[in-house]
Amino acid sequence: SAGGGAFIKALQTNASLVRLGCEGGMLGPAAEERILYWLELNMRPPDLKQFLPAVQRNAADVDILDLSGPNTQALVYDDAAAMMVADAMEVNTHVRTLILDHNFKTDSRVIPVLQALERNSTITSIGLRNDHVGPDGARALAQLLQQNDTLTEVNLMDNEIGDAGARALLEALEHNNLCRSLPLAGNDINDVLLRKIDAALTLNTQPNELKQVLPMIMANDASLLELRLCGASSGTVGNTVTKRPEDLKSYYNNLSALLLADALRSNTFVRVLDLRDNFIGPEGAKALAELLQINDFLATVNLKDNFVRDEGARALVIALERNDSVVELDLSGNGLSSKMETELKNAITLNRVPTKLKKLLPRLRANDETLTEISFADQALACVPPAPPKLQNLDDLCAELLFQVLQANTNLTTLNLSFQDFTDRGVRFLAGILHVNQALTSLNLYQNQAITDVGIDALIAALNANDVLTELDCSGANKVTLPALKALEAAVLMNRYPLALKRAIPLIRANAPTLRRLDLRPPVEDTPRAKRATLDDSACAVLASALRSNVYITALDLSGCGITSYGVQHIADYLRECAVLHSLDLSDNCITQDGAQFLTKALHKNATLQELRLRGNGLEEHGGKQLEALLRVNGTLRVLDTGGCGIHAKLQRRITLLIEMNAHAALVKNALVDALDNVATTDSIDFSCLATTHQFAVRKGQAPPSEVTDELVALAAQALHGNRYVTFLDLSYGTASVKGCHALTQILDHKSVLETIRLRHNCINDEGARALVDAAHRAPALTTLDIEGNDLVSDAMRRRIALAVALNTQPNAVKTAVLKIRQGDNSAKMLRLCVPDGGRYCDDTTCEILEHYYRETGMAVQRLDLSNNVITDVGVRYLARLVEAQRDLTVLKLSNNQITDEGVAVLIQAVGAVASKLESLQLDGNDIADESRIKVLDRKLKDSSGRTKAMPQPEVPRKGSPVLNIVEELESMMQADDLILRDALADRTTVLSIRSR
């Protein structure tokens, strides 16, 4: 027994003894077993004896057992050696690394070692490189991997496991959570299996929960809604609570994130991914960012307290632009800059809004020209709501986002936000849009139940600054009161009216003293605002209502505003009670005869309007007649423009005339209206009293009425044009001048019935008087033209006027003769005015007229027969002047007149004063008592021409005598216009010379 112990101790240091005979049982069974063990070691490679005993006795200082043989000379283990190693490792608790590279010829020797390690709880690494491990050995290793919970590394390079062994290993790795390294190069394994094994090994580098949950993720398990994989703390996978050990493997890293991202690509049930308090850095964040671009089911991602930094956060922000499902993303505790935190917050905010809005926001921000209408009503009525906290309807947050992008947008015109969840706060953002946006014309907020009067007030205030929004529907909000809705409707209605009207209404209602003239004409430019420049009927009603309380506006220009007859009715209602408006321009509108009727009824009661312009409307004849009837009773209108209204020219002139009459006193207008209307009872017009009234008003400091001016004369002339009853016109005591005279000449013609015209004490000069003279020649009815007191008229011109008027009282033969004289007709050289014309005879005035016109025209008269008339000595005086002036006068017959001795004396003086060619001067049948005067006259004639010419008592052939018969026969044969023969035949004493001729 004692010797056995000595032998054992010696064998531990002896490496050459391989056989020891000790039969007979002298050493005892235990000693013999120990001696055999050491003898076996001496027959094995030296390394085995060197390390194996220490491993067998579980030496604490041996944690690595390297029994690998050299590449050149392999340390070949037989079955016994392999069993020795297996036995030693089965009970050892300190060796962690076992290296057996290049030692085994077959995998049958490897299997016992692997089987022994199944019961080892400390080994973490095994090296079996180039140990001829085949499929069976691989299966043994697979069994070990499934049983051992400490092994992390196995080197199987350059072995012979093939695809079969690889499959066994792959299956084992599905149940192993620790093995992270398994090199298989040189084993003739296809690439697919290698990749799968690598993936399984990669999983083993991650926390065990990840390996458990990945198959569920990839299987799209409907029960897996939340993934909470928080590091170094209790976590929840589905509904299972696990407790992880406190080591590095308990944390998730970039690789974890990559694995999760790959698994979640096609998952449609997981909504929450919680990875807070881990070691995920920028690369892991980028992997998750790629996931978010294709996964639209994740709603919450928690990466709090990781190492994402700005680089990873930027990738997530970019991914959120394409992701519509993530509404919560926590990156606090990741060392982000404030700028990146703001960007991340904005990105998350966008994802919380409905997807449709999120997709439209970039287009709205870019002012997309094709995006003119947006409606969210269809989304609000969708049957399937999104997962919370994803919004189904637009709320105040959405209103804020819309406010940010629509302030500078110029293309969106229609925005339908009906059936949404806006409150007053959101409405304030929408009102902010209206403050600056000048493109949006329609906004629908129907059925937004949370809106109250506060939100409506914000919209009304915005509409005061907005000029383009014409449709705004806020009905269906139960909390909004009816007065607030009506106020909003009124504000929207104002935007449908011209901009000028909208801006003016507050000033009108405020009675601004500076607003005296209101101009609502449409702008010239072609813009949407310009296209809304027309005033419809409701706009006219609003304007009229505002004007009723205004006391400053005196001029209103509504030209070109598209006002209809019904619109002008509201204006007419305002005019009916208005006391301040002086001018109203309604030109170029759409007013018809109905509108004219409304205006005329109103103006019957209006006493202040002085200007009314209706040019370019469709009043037509009926409307013109209504206006004409108005002007007969209205005395305040001074201007009424109806040009281009389809009114006949004659009626247009009458309207113009009536308007001009309104500028004068009432008695003037009344008289002229009667004249214009041909009132039979009005046969005289006397305006001479105007001067007295004018001076009286000036003395009293009052506004004087009109006096007789050129304008009044012209007006009277127009009113009298065509009048058949007025015969007396007194325009005395005024300032009428040449212009007024010319106006009168327009009505003085052969149709005029004026007999007396008085223009006394005016400012007429010779030019005006000359025009009156010419007119008097054309007006046969004019018998009196009084221009007394017109100091600018010369005496000669006064005489011409008097003679021109006197001519109208003369026989027609005299008028015809004077006309021929004035026209230079040669037949006027031989006049025979001895036959009574309608019971009228030539008188002294006739002589004056003839003397004047012969002298004025310079025509040379040769024969003048004024016999059988009523010429007195006064007329002879004018004839004497004619004799003195007319050197070619050869015959002057004055038989059977009322000439006395005084007249003969005048003739004697005239004949003796000049060398006359007078051959015959007949004075028979006159009241000449002194025959001596006839002799003197006869002597004067002889002295001037050498022949006897004066024949007071010629012998007249008796009736029935041959001479008289011849004369009568010749008279019947002569034509009436052969004056030479007629004058010759009248001188019966020259019958023989006529016969000879």
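# A tour from the largest pocket

The lining of the largest pocket is made up of 9 charged, 8 nonpolar and 4 polar residues.

**Stop 1: the pocket.** The volume of the largest pocket is about 460 Å³. Select Asn-346, Ala-347, Leu-350, Arg-365 and Leu-401, which of the 21 lining residues are the closest to its centre. Then colour the helices α12 (309–322), α13 (338–352), α14 (355–365) and α16 (396–406), each of which gives two or more residues to the lining. Which of them gives the most? It is α13, with 7 residues.

Stop 2: The structure has 4 aromatic pairs. For one of them, select Phe-279 and Phe-307, whose rings are stacked, 5.7 Å centre to centre with 15° between the planes. Phe-279 is in the loop between β8 (272–274) and α11 (282–292), while Phe-307 is in the loop between β9 (300–302) and α12; the two are 28 residues apart, and the pair links distant parts of the chain. Phe-279 has a relative accessible area of 39% and is partly exposed. Phe-307 is partly exposed at 36%.

**Stop 3: an edge-to-face pair.** Next, select Phe-419 and Tyr-446. Their ring centres lie 5.5 Å apart and their planes stand at 85°, so this pair is edge-to-face. Phe-419 sits in the loop between β12 (414–416) and α17 (424–436), and Tyr-446 in the loop between β13 (442–444) and α18 (453–465), so the pair ties together parts 27 residues apart in sequence. Phe-419 is partly exposed, with a relative accessibility of 31%. Tyr-446 is partly exposed too, at 29%.

Stop 4: Go to helix α5, residues 110–117. Why is α5 described as largely enclosed by the rest of the structure? Of its 8 residues, 6 are buried, a term for a relative accessible area under 20%. The buried residues are Val-110, Pro-112, Val-113, Leu-114, Ala-116 and Leu-117. Show what covers them, including α4 (79–91), β2 (97–99), β3 (125–127) and α6 (135–147).

**Stop 5: confidence.** Finally, colour the protein by pLDDT. The average is 83, and 82% of the residues score at least 70. Select residues 947–961, where pLDDT is below 50; this stretch has 33 contacts in the model beyond near neighbours in sequence. Residues 988–997 also stay under 50, with 16 contacts beyond four places in sequence. Where pLDDT is low, predicted coordinates should not be read in detail.

Technical notes:
Residues numbered from 1 in each chain as written. Predicted model: local features only at pLDDT ≥ 70, side-chain atom pairs only at ≥ 80, totals over all residues. Heavy atoms only, no water. Buried < 20%, exposed > 50% of the residue type's maximum accessible area, 1.4 Å probe, protein only. Helix = DSSP H or I, 4+ residues; strand = E, 2+ residues; numbered from the N terminus. Contact = heavy atoms within 4.5 Å. pLDDT = per-residue confidence, 0-100. 1 Å grid on protein atoms, 1.4 Å probe; cavity = no way out; pocket = protein on both sides within 12 Å on 5 of 7 lines; lining within 4 Å. Points joined across faces, edges and corners; volume = space filled by probe spheres on them. Nonpolar A, V, L, I, M, F, W, Y, C, P; charged D, E, K, R; others polar. Phe/Tyr/Trp six-rings, centres within 6.5 Å; stacked < 30°, edge-to-face > 60°.
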